[in-house]
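Reader: I am new to this structure and would like to know what stands behind the words used for it. Could you take me through them one at a time?

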Amino acid sequence: MTVTIARENAIAVVTVDNPPVNALSQALRQALVEAVAELDADAAVKVVVLICAGRTFIAGADVSEFGKPPQPPHLPDVVAGIESAKKPWVAAVHGSALGGGLEVALGCAYRVAVASASLGLPEVKLGIIPGAGGTVRLPRLIGAAAAVELVTGGSPVGAKKAQALGLVDALIDGDLRAGAIAFANEIAGKPLPQPISGRAVAAVEAGFWEGAEKAVAAKAKREAAPLRALASVRKASETDFASAMAFERETFLALRGSEQAAALRHVFFAERAAPRPPELAGVTTRDLRSAAVIGGGTMGAGIAAALRDAGLPVVLVERDDAAVERGLANIRAIFEGSVKRGRITPEVAAQRIAGVTGSDDYGLLADTDLVIEAVFEDLAVKRAVFEKLSAICRPDAVLATNTSYLDPSLISEGVARPERFLGLHFFSPAHVMKLLEIVPTEATAPEVLATGFALARQLGKIPVRAGICDGFIGNRILKVTRAQAERLLLSGATPSAVDAAMRAFGLPMGPFEAQDLGGLDIAAFQRKAARARGETPFAPVAERLCAMERFGQKTGGGWYDYVPGDRAPKPSEAVAAVIAEEAAGRPQQAWNEASIADAIILPMVNEATRILEERVALRSADIDLVKIHGYGFPRWRGGPMHYAEARGLAGVVAVLDRLASEGLAEPPCGGLRRAAEAGSFSVLAK
Ligand code: 3H9
């Protein structure tokens, strides 16, 4: 970490250089305090420019210090020191001024930024609220309504919008340092604006706080931080600066030690570690400048759209003209949908669509860097595609299969140079869902695997390496979820009670609603394949519903009944009758939300532990990312593995032992018992 001071006549330039993101470590806080003192004492200095080296302005407090007791100097004091300095400080922002970084900028007399910069207070995303005056100074600078949006939503705004809000005083074209020095020279000697801490918050309309509370609560669901952040902005608007600062700090410190904050921090670091697995450190990747997708169905079109969003030209290959047209129409529909939702302009959509070439001619792929096959989940069909690709593609082209359930090694049999082949499991809709399971075969070269991770980065996705087994990481756990949900039905719970309990746990949908939405026929198809392999999947009720052609919403009924034109599930007498028949003779018990959630989540953890032991997943945090980004597991619970660890693995084992003794779950596996003894899944990492 370095803080250097240079002098340009009467302007001092304080440069922070604390890679990677200039986070406010204790050493940096100390150095800033010292810089204020040094420059206050220097009579030749009239204005101070605060600028950062590297890719960004100060991106916030150092999140890795949050698990430890706070060390002085505390950030609120650092910011107060800058605000009360004898010389005006000008924050010169590039990259991101986030959290504590923006709070430091709010201590400055002025803020200037390049147009590409973004500014925000993302603390609620880490389960906390700003802790160095963000909730107190921001409403004093930009008004309560805009402050509420920034603080409770946590999303940053671009520099232009920040200027419109009054958060940024000037946009700098060209070199930021030179522009900021010119700005500093302009203001030197002029009367200074009143420090933000001395300003009052403009009055809000009657009912504003009540309305904001309703809106924030509805969006936050069970996350604590957004409402606490709102309370802090409100306090700041209704009381004096010092009391508001005390209130904010108290809330910040309380939340910092909360379970939700620990879970969200765990996810924060897991997401950042995922794209750079240590086992691939130093492995070079292949450049991907062009891509092709085979198959223009829902998955293929979504993958093509994701590739276009990342700027790659795409060839879409289908078997005949009519299929090419359907595939292109699917891709067009995706971009038109994005325009309707206001995500992109019609011009951008047109450009993305124009970058897709549809054809039935594999010959166009002779020079393509990456080909992703996304045809029907049928081994013979997929193999036939790769036979053609083997003959046509460049020997160093990366060939990938998008499959959810088939074994990529079987698909790759017959691929010439199998070291360039790998599995990529996209989640539907592929242009939206963040998760990408990357599945190497034994033959996949490290360079090709590393290229898979690089592709995920290019697509803005979260990559997780998965070993080969039925369902890889995510769908293998999903099978357990569904089996457990049925076990509950046979022992006294109803589909609506199970779904309500899982929503209360924090999932967006319960297991039965989700099956009705996706279609029961897909899982039935997979169970058929499992039986053909000699397995005995457990789904007695689902099998009978499929025999009755109750496939879900699309057939007007599944686990629930639906009236035409209405997606709201209605409890079904027909389903209740099937459950009663299947449950006959089995012990029944009373279930509540907590016991239902335990009977579903803890067996998932047990299966996930087996996945870890078998090295199908390499890290327990990877499993958390799979469930959060592929299946809607609540982020604020940190994923199933973090949830189990935070709750105590010994307790998890005890519940599973009890469920197993009642015939309601598999007993805890050996790995889970070992992890419970150690108190952590880390003992399973080899
Ligand atoms: C806060 O400020 C609270 C205050 O109000 C209270 C004070 C009292 N700390 O994301 P990247 C690491 S809360 C420590 O891949 P990018 C990250 O782990 C904080 N480390 O880069 C990774 O490490 P490694 C509010 C951090 O260019 C490396 O930097 N601020 C922090 O794609 C690169 O990260 C935030 O929440 C941190 N704060 O994106 C901002 N941030 O290389 C969080 C990053 O060893 N950060 N690292 O794997 C971001 O949003 C992005 O990192 C950023 C850069 C946009 C800045």
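Author: Gladly, and let us begin with a term. A residue is called buried when its relative accessible area is under 20%, exposed when that area is over 50%, and partly exposed in between, with a 1.4 Å probe and protein chains only. Please keep in mind that this is a predicted model, where local features need pLDDT of at least 70, side-chain atom pairs count only at pLDDT 80 or more, and totals for chains, interfaces and linings use all residues. Residues are numbered from 1 along each chain as its sequence is written, and side-chain values use heavy atoms, with hydrogens and water left out.

Reader: Why is Cys469 called buried?

Author: Its relative accessible area is 17%, and the limit is under 20%, so Cys469 counts as buried.

Reader: How do you know that the sulfur of Cys469 is too far from the closest cysteine sulfur for a bond?

Author: A disulfide is a pair of cysteine sulfur atoms within 2.5 Å. The closest cysteine sulfur to that of Cys469 belongs to Cys669 and is 14 Å away, so the two are too far apart for a bond.

Reader: And what about Cys108: how far is its sulfur from the closest cysteine sulfur?

Author: That distance is 10 Å, to the sulfur of Cys52, which is again too far for a bond. Cys108 is also buried, because its relative accessible area is 3%.

Reader: How many disulfides does the rule give?

Author: The count comes to zero.

Reader: What makes a stretch of the chain a helix or a strand?

Author: Both are DSSP runs numbered from the N terminus: a helix is a run of H or I with at least four residues, and a strand is a run of E with at least two. The chain has 28 helices and 19 strands.

Reader: Which residues of helix α26 are buried?

Author: Helix α26 covers residues 640-647, and its buried residues are Pro640, Met641, His642, Tyr643 and Ala644. They pack against several helices, including α11 (259-273), α24 (593-613) and α27 (649-661). Contact here means heavy atoms within 4.5 Å. Just after α26 comes Gly648, with a positive phi of about 110 degrees.

Reader: Which peptide bond is cis with omega near 0 degrees?

Author: That is the bond from Pro19 to Pro20, and Pro20 lies in the loop between β2 (11-17) and α1 (26-40). The bond from Ser428 to Pro429 is cis too, with omega near -10 degrees. Pro429 is in the loop between β15 (421-426) and β16 (435-440).

Reader: Why is Val47 called buried?

Author: Its relative accessible area is 1%, so Val47 counts as buried. Val47 lies in strand β3 (residues 47-52). Leaving aside residues up to four places away in sequence, Val47 touches several others, among them Ala10, Pro88, Val90 and Ile187.

Reader: Why is Lys219 called exposed?

Author: Lys219 sits in helix α8. Its relative accessibility is 70%, so Lys219 counts as exposed.

Reader: How do you know that the chain agrees with a compact globule?

Author: The radius of gyration is taken over C-alpha atoms, and the globule rule is 2.2 Å times the number of residues to the power 0.38. For 686 residues a compact globule would have a value near 26 Å; the chain has 28 Å, so the two agree. Its C-alpha atoms fill a box of roughly 85 × 65 × 50 Å along the principal axes.

Reader: What share of the chain is buried?

Author: Buried residues make up 53% of the 686 residues. Among contacts between residues at least 6 apart in sequence, 72% join residues at least 24 apart.
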